[in-house]
Amino acid sequence: MFLHIGNGETVRVRDIVGVFDLDTASVSGVTRAFLAKKQETGGVTYADSDLPRSFLVLSDKHGKNTRVMLSRISPVGLNTRLNAPPDGAEE
């Protein structure tokens, strides 16, 4: 299953480690250092050119390749999409 994170970008749901609010999570120095390190090593991808509101931490199935994707969609919006029933399914 895939999650649309904006501007035509999708990610595999099984690769999502977490979805975070960029404003509140980046208050922590540890989070800022993590994001800065990923930015330096090319591990950050922008899903859209608009101001990002959230970031997703993604990892491959072996947990060795971690990357970050920034999205303009709020964490609440992404969570709603994650928990929505599949198209055509009854609630």
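Contact here means heavy atoms within 4.5 Å. The close-ups below come from a predicted model, where local features need pLDDT of at least 70 and side-chain atom pairs count only at pLDDT 80 or more, while totals for chains, interfaces and linings use all residues. Residues are numbered from 1 along each chain as its sequence is written, and side-chain values use heavy atoms, with hydrogens and water left out.

View 1. Helices (H or I, at least four residues) and strands (E, at least two) are DSSP runs, numbered from the N terminus. The α2 run covers residues 29–40, twelve residues in total, and spans 16 Å from first C-alpha to last, close to the 16 Å expected at 1.5 Å a residue. That expected span is 1.5 Å times one less than the number of residues. Thr31, Leu35 and Lys38 are the buried residues of α2; buried means under 20% relative accessible area, exposed over 50%, and partly exposed in between (1.4 Å probe, protein chains only). Looking down the axis of α2, you'd find these buried residues within an arc of 60°, so they line one face of the helix. The arc is taken over the directions from the helix axis to the C-beta atoms. Their packing partners are α1 (22–25), β4 (44–46), β5 (54–59) and β6 (66–71).

View 2. At the start of the helix, a side-chain oxygen of Ser28 comes to within 3.2 Å of the backbone nitrogen of Val30. Just after α2, Gly42 has a positive phi of about 80°.

**View 3. Arg72 and its two aspartates.** A salt bridge is a side-chain nitrogen of Lys or Arg within 4 Å of a carboxyl oxygen of Asp or Glu, and by that rule the model has three salt bridges. One of them joins the side chains of Asp48 and Arg72, at 2.5 Å from N to O. This pair links distant parts of the chain, with Asp48 in the loop between β4 and β5 and Arg72 in the loop between β6 and α3 (75–83), 24 residues apart. Asp48 is buried at 13% relative accessibility, whereas Arg72 is partly exposed at 38%. Arg72 also bridges to Asp50, with the closest N and O atoms 4.0 Å apart. Asp50 sits in the loop between β4 and β5 and Arg72 in the one between β6 and α3, so this pair ties together parts that are 22 residues apart in sequence. Asp50 itself is partly exposed, at 42% relative accessibility. Through shared partners, Asp48, Asp50 and Arg72 join into one network.

**View 4. The Asp15–Arg12 pair.** Here Asp15 and Arg12 form a salt bridge, the closest N and O atoms being 2.9 Å apart. Asp15 is buried, with a relative accessible area of 4%, while Arg12 is partly exposed at 35%.

**View 5. Val17 on strand β3.** Val17 belongs to β3 (residues 16–21) and is exposed, with 59% relative accessibility. Which residues does Val17 touch, leaving aside its neighbours within four places in sequence? Val57, Leu58 and Ser59 are in contact with Val17. For a sense of scale, Val17 and Ala84 are 67 residues apart in sequence and 18 Å apart in space, C-alpha to C-alpha.

Key:
Polar contact = N/O pair within 3.5 Å; in protein donor to acceptor, adjacent residues only side chain to side chain.
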